[in-house]
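Have the viewer ready and follow along.

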Amino acid sequence: MTAPLVTILDDEAEIRSILTEVLQEAGFRTQSFARAREFEAALNHVTPDVCLVDLSLPDTDGLALVHRLALERGAAVIIISGRAQVQDRVTGLELGADDYITKPFDPAEVIARIRARIRSGRPALPAGNTARFAGWTAHFDRYALEDEAGRETPFSHAEGEVLRIFRESPKRLVSRAQMQEALGGAAGESFDRAMDVRISRLRTKLREDPKNPRLIKTIYGAGYIFLGDVSWS
């Protein structure tokens with residue numbers, strides 16, 4: 001079996017060297033880049049399992065790049081940044097990042113987060129890769145939601161992970177603890193906030209009334225219930 005590929009985008013040579021060394025020792029294949037243009041060009045030829053992306057890049061806006069990766073390529077993205085403010089973390093998650101690690105970081109934590117992303121990206125799925133529910137069609141092969149008129153709205157890899165959980169457990173309570181176990185995130189306020197952001201964005205894309213959502217119901221203090229009948233093809 002081919003080892004998972006992790007791409008590293010950071011303009012600091014020392015950070016690239018440290019991450020490359022520890023990831024290869026942990027059994028991953030790696031590619032590293034100092035510039036976003038080189039990184040994006042490489043993605044035309046390879047499909048990484050996880051992208052590690054710094055936000056402070058010399059040739060592009062890091063947050064805009066994260067958004068492109070999540071929506072256009074369906075990539076699993078972990079931000080590694082010196083920006084430790086809560087708003088930066090929230091914005092990164094809102095734009096589609098799967099996780100956010102602040103510098104300075106513990107290499108063991110980075111490896112653990114990467115492994116969690118890879119595990120959650122390979123769930124056991126029902127037959128088929130297209131789900132239909134409540135007038136919507138979710139195409140998990142190209143990360144797009146299609147309405148009854150055929151109009152498509154892209155969703156990110158991170159949002160797709162949550163939608164996968166709901167589609168496999170329709171009309172059953174899914175607790176935050178179950179989500180944390182399935183997605184491999186670190187339990188705590190940061191994970192809860194990430195879930196809130198992803199579910200809010202999914203509701204928006206499904207054109208839900210935020211005051212009275214009909215598909216994704218919040219059961220306060222317990223978790224969420226997906227109320228759609230799901231069929232597969």
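Helices (H or I, at least four residues) and strands (E, at least two) are DSSP runs, numbered from the N terminus. This is a predicted model, in which local features need pLDDT of at least 70 and side-chain atom pairs count only at pLDDT 80 or more, while totals for chains, interfaces and linings use all residues. Residues are numbered from 1 along each chain as its sequence is written, and side-chain values use heavy atoms, with hydrogens and water left out.

Buried residues (under 20% relative accessible area, against over 50% for exposed and in between for partly exposed, with a 1.4 Å probe and protein chains only) make up 49% of its 233 residues. Take contact to mean heavy atoms within 4.5 Å: among contacts between residues at least 6 apart in sequence, 59% join residues at least 24 apart.

Our first stop is R16, in helix α1 (residues 13-25). A salt bridge here is a side-chain nitrogen of Lys or Arg within 4 Å of a carboxyl oxygen of Asp or Glu. R16 is buried yet has no such bridge, and the nearest side chain of opposite charge, D10, is 5.7 Å away. What does the side chain of R16 reach at 2.8 Å? It reaches the backbone oxygen of D10. Beyond its neighbours within four places in sequence, R16 is in contact with residues including I8, S32, F33 and A34.

Now move on to strand β4 (residues 77-81), which pairs with strand β5 (residues 99-102) in the parallel sense over four bridges; pairing requires that DSSP finds at least two bridges between two strands. The chain crosses from β4 through helix α4 (residues 86-94) to β5, and this β-α-β crossover is right-handed. In other words, with the strands pointing away from the viewer, the path from the first strand over the helix to the second runs clockwise. Within α4, D88, V90, T91, G92 and L93 are buried, and just after this helix G96 takes a positive phi of about 115°. Across the strand pair, I78 stands opposite D99 in β5.

D99 also leads us to the charged side chains. R113 forms a salt bridge with D99, the closest N and O atoms being 2.7 Å apart. R113 lies in helix α5 and D99 in strand β5, so this pair ties together parts that are 14 residues apart in sequence. R117 forms a salt bridge with D99 as well, at 3.8 Å between the closest N and O atoms. Both R117 and D99 are buried, and R113 is buried too. These residues belong to a network of salt bridges that links D98, D99, E109, R113, R117, E161 and R198.

Another salt bridge joins the side chains of K103 and D54 (3.6 Å, N to O). The pair links distant parts of the chain, 49 residues apart, with K103 in the loop between β5 and α5 (107-120) and D54 in the loop between β3 (50-53) and α3 (62-72). K103 is buried, with a relative accessible area of 17%, and D54 is buried at 4%.

Finally, look at strand β12 (residues 223-226). Strand β10 (residues 173-175) runs antiparallel to β12 and is joined to it by three bridges, while strand β11 (residues 216-219) pairs with β12 in the antiparallel sense over four. G223 in β12 is the bridge partner of S175 and also of I219. The hairpin of β11 and β12 has three residues between the strands, and there G221 takes a positive phi near 85°.

Methods:
Lys and Arg count as positive and Asp and Glu as negative; His and the chain ends are not counted. A polar contact is a pair of N or O atoms within 3.5 Å; within protein, one must be able to donate a hydrogen and the other to accept it, and residues adjacent in sequence count only if both atoms are side-chain atoms.
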